[in-house]
There are 4 protein chains.
Amino acid sequence: MIESVSNIQVRYAETDMMGIVYHANYLPWLEIGRTELLRENGLPYKEIEARGVMLPVLEVNVKYKRPAKYDDTVSIHTRISEKPFLKIKIDYELKRGDELLATATTLHAFMNSKGVPVKPPTFFKEALAKHY
Amino acid sequence: MIESVSNIQVRYAETDMMGIVYHANYLPWLEIGRTELLRENGLPYKEIEARGVMLPVLEVNVKYKRPAKYDDTVSIHTRISEKPFLKIKIDYELKRGDELLATATTLHAFMNSKGVPVKPPTFFKEALAKHY
Amino acid sequence: MIESVSNIQVRYAETDMMGIVYHANYLPWLEIGRTELLRENGLPYKEIEARGVMLPVLEVNVKYKRPAKYDDTVSIHTRISEKPFLKIKIDYELKRGDELLATATTLHAFMNSKGVPVKPPTFFKEALAKHY
Amino acid sequence: MIESVSNIQVRYAETDMMGIVYHANYLPWLEIGRTELLRENGLPYKEIEARGVMLPVLEVNVKYKRPAKYDDTVSIHTRISEKPFLKIKIDYELKRGDELLATATTLHAFMNSKGVPVKPPTFFKEALAKHY
């Protein structure tokens, strides 16, 4: 299992007229969580793409529990529980202090620069291997 | 069952450096789909909020099949299959011509302006009643 | 002089907790205005980029007069007054009915796919030539 | 003169298909810069709004010099040079290391919660008074 925690501070631009964070704006936070997790394991996403591998999102699921608000500090708890095979599944918990704001899951494929699905590249598997 | 079809044209602002639409940017399209469905049934969302009722998103699920691209015309097929009780479940298909780009589901609660969950208001149920 | 009018309907996603459209969200509307103007003159922006020419934004200026609100229909009045030479200057008026919401100007360069500034290509100049 | 420096890291969501940051996405960074400047001077923007005062954007001007890219660390140098009277003018420089990416200016009014322009409130003037 691989875990990581990142923090973001809610931007005014991320709110809507309901006075809370617009629900779509949680998705870039998930991306911050997973890129930090990968970076901490020697896999900066910029380098992954530079090596010709992309990780497009196949599925996203978010359950909203409590609204995030302007200027909140939100911690993004990111976890990869299963060894990636053809796809990679990532779980998230978004919290304000101890309070759970949302849970989420994303599913990703490995794809080359021509858009063709590929197996996880060796450098990717090796970087994560110590955790399994 | 209630159905509606809306169309959007992909904006440059909605793309990312992968050359396709950034996955979070599908969520505002879903909102366009459901607000059009409600409007066609006599329920402009602006009036729903003016009557003190909000429909916050509790859950969102998206399955991405094929990438939407800049300048594509995307049709949003929106459907409410089940009579809303405490929650309202909405299904979506996003298409480019006959090609399925994504499927999605959102789940909403009814909430008053103080953030307290409420039952679907009478005016809301009556507007949709003819379909059930 | 070349003119064009486009219309957009304000999305919930474009509002902020002040209850009005977040100021940054006017900029994609300007882009809709200028791409429609170019399209109406035989220059779909997608084809311009396909021919290896990009029109990056060098400057943007917006004066906000009255707030746009959720569900408003906003008309984007776009105008190219001066024949493009090395740069292209575009003016905009955003209106809700007769009411002026904002005025704006953008300045663009012509750039090839390597990021090098170039002169306006012949196909571009010819498409607009009838207006000068 | 009042100055402040903030840092942001470019999000994937902020890029577009040109491979660089979409120009509209610089505007929320300016907001981060000015809210940090105000916070450092005892004026968290959330508290300003809680006291019934808003600072809507009247004008924004951005000059783009070099493109910001995914994962860049961008420093936002924010400055208030003139004592606010009825309006407040804020200047910005966006840098990647020593490299200037963009300069910008925003102009703001003071407005009460009913949308009526007001003078800068006393608590606001006092918080900044030591700098003039």
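**Close-up views of a predicted four-chain model****View 1. Strands S3 and S6 of chain D run antiparallel and are joined by 7 bridges.** Strand S3 covers residues 57-64 of chain D, and strand S6 covers residues 99-109. Two strands pair if DSSP finds at least two bridges between them. Helices (H or I, at least four residues) and strands (E, at least two) are DSSP runs, numbered from the N terminus. D:Asn61 stands opposite D:Thr105 in S6(D).

This is a predicted model, in which local features need pLDDT of at least 70 and side-chain atom pairs count only at pLDDT 80 or more, while totals for chains, interfaces and linings use all residues. Residues are numbered from 1 along each chain as its sequence is written, and chains are lettered from A and ligands numbered from 1 in the order in which they are written.

**View 2. An open sheet of 10 strands has antiparallel pairing.** The order is S1(C)-S4(C)-S5(C)-S6(C)-S3(C)-S3(D)-S6(D)-S5(D)-S4(D)-S1(D). Which strands stand at the edges? They are S1 (2-9) of chain C and S1 (2-9) of chain D. Each has a single partner strand, so one side of each is left without a neighbour in the sheet. From one strand to the next, the twist averages 15°. Strands of a sheet pair through backbone hydrogen bonds, either parallel or antiparallel.

**View 3. Helix H1 (residues 27-40) of chain C packs on the sheet.** The helix touches S1, S3 (57-64), S4 (73-80), S5 (87-96) and S6 (99-109) of chain C. Its direction makes about 135° with that of S1(C). Axes are lines fitted to C-alpha atoms, for helices over the stretch in contact, and angles run from 0 to 180 degrees between N-to-C directions.

**View 4. Chains A and C meet through 9 residues from chain A and 9 residues from chain C.** Two residues are in contact if their C-beta atoms, placed from the backbone, lie within 7 Å. On the side of chain A that touches chain C, 6 residues are nonpolar, 2 polar and 1 charged. Ala, Val, Leu, Ile, Met, Phe, Trp, Tyr, Cys and Pro count as nonpolar, Asp, Glu, Lys and Arg as charged, and the others, Gly among them, as polar.

**View 5. B:Glu49 lies in helix H2 (residues 45-50) of chain B.** Is B:Glu49 buried or partly exposed? B:Glu49 counts as partly exposed because 17 C-beta neighbours lie inside 10 Å. A residue is buried with 20 or more other C-beta atoms within 10 Å of its own, exposed with 12 or fewer, and partly exposed in between; C-beta atoms are placed from the backbone. The C-alpha atoms of B:Glu49 and B:Leu107 are separated by 18 Å.
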